[in-house]
Amino acid sequence: MTGRRTRAGSRAAAAAAALVSCALLLTGCGIKRSGVIDSGHAATVKVPGANSTIIYFLSKEGDRLVPSPVTGFEGHDINPEVLLLVLLEGPHGRAAEVGLTTGLPRLTGLKDEGLAVSPYSQAGITVRVPFAVGGLSGQARMQIVCTMGISAVRDVVSPVTLMGTDTTLESADCSLRR
């Protein structure tokens, strides 16, 4: 007789455990029901096409390079000296609105007369600027190196030699660390 009571007791315990388990599942861990929530349209991003020219500014924090498409020249090759001038003018429009900045000095007066970009060769290009380059931060140097090395000659990543009023820096490649 004790065997029957044990079986009946174990069945009751199993049934009770199953009921408790189902009750826990049905409570949903405290998450309340809600209706459908409309979150608006999907996000869209304009990605510059293959013919876009990119210049590099610095993030708000100044700790990394940020690519910025040059607008207004779509479908045209930009003269490398003009591209360098656009870079040295600093961020405008949308780039300025989102807080991009530059580590490069602003050109004042007729200082842009000292700008020059050599024609492309196997050794790369030489960029001459009318200010000292020896004291530029690494990020500021990379703004010029990446902008000119990637955008000055279409479909070619060129080494860039930077020449200032004080010194000529070693040739450098654009290395965008992610």
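Me: Before we start, what counts as buried, exposed or partly exposed here?
Reply: Buried means under 20% relative accessible area, exposed over 50%, and partly exposed in between (1.4 Å probe, protein chains only).

Me: Good. Where does Asp63 fall?
Reply: Asp63 is partly exposed, at 46% relative accessibility. This is a predicted model: local features need pLDDT of at least 70, side-chain atom pairs count only at pLDDT 80 or more, and totals for chains, interfaces and linings use all residues. Residues are numbered from 1 along each chain as its sequence is written, and side-chain values use heavy atoms, with hydrogens and water left out.

Me: How many salt bridges does the structure hold?
Reply: Three. A salt bridge is a side-chain nitrogen of Lys or Arg within 4 Å of a carboxyl oxygen of Asp or Glu.

Me: Which residue does Asp63 pair with?
Reply: Arg64, with the closest N and O atoms 3.3 Å apart.

Me: And Glu61, what is its partner?
Reply: Arg64 again; the closest N and O atoms are 3.7 Å apart.

Me: How open are Glu61 and Arg64?
Reply: Glu61 is exposed, at 57% relative accessibility. Arg64 is partly exposed, with a relative accessible area of 45%.

Me: Switching to Glu97. What does its side chain meet?
Reply: Arg94, in a salt bridge of 3.4 Å, N to O.

Me: Where do Glu97 and Arg94 lie?
Reply: Both are in helix H3, residues 93-97. They sit three residues apart, about one turn of the helix. Helices are DSSP runs (H or I, at least four residues), numbered from the N terminus.

Me: Are they buried or exposed?
Reply: Both Glu97 and Arg94 are exposed.

Me: Which residues do shared partners join into one network?
Reply: Glu61, Asp63 and Arg64, through their salt bridges.

Terms used
Helices (H or I, at least four residues) and strands (E, at least two) are DSSP runs, numbered from the N terminus.
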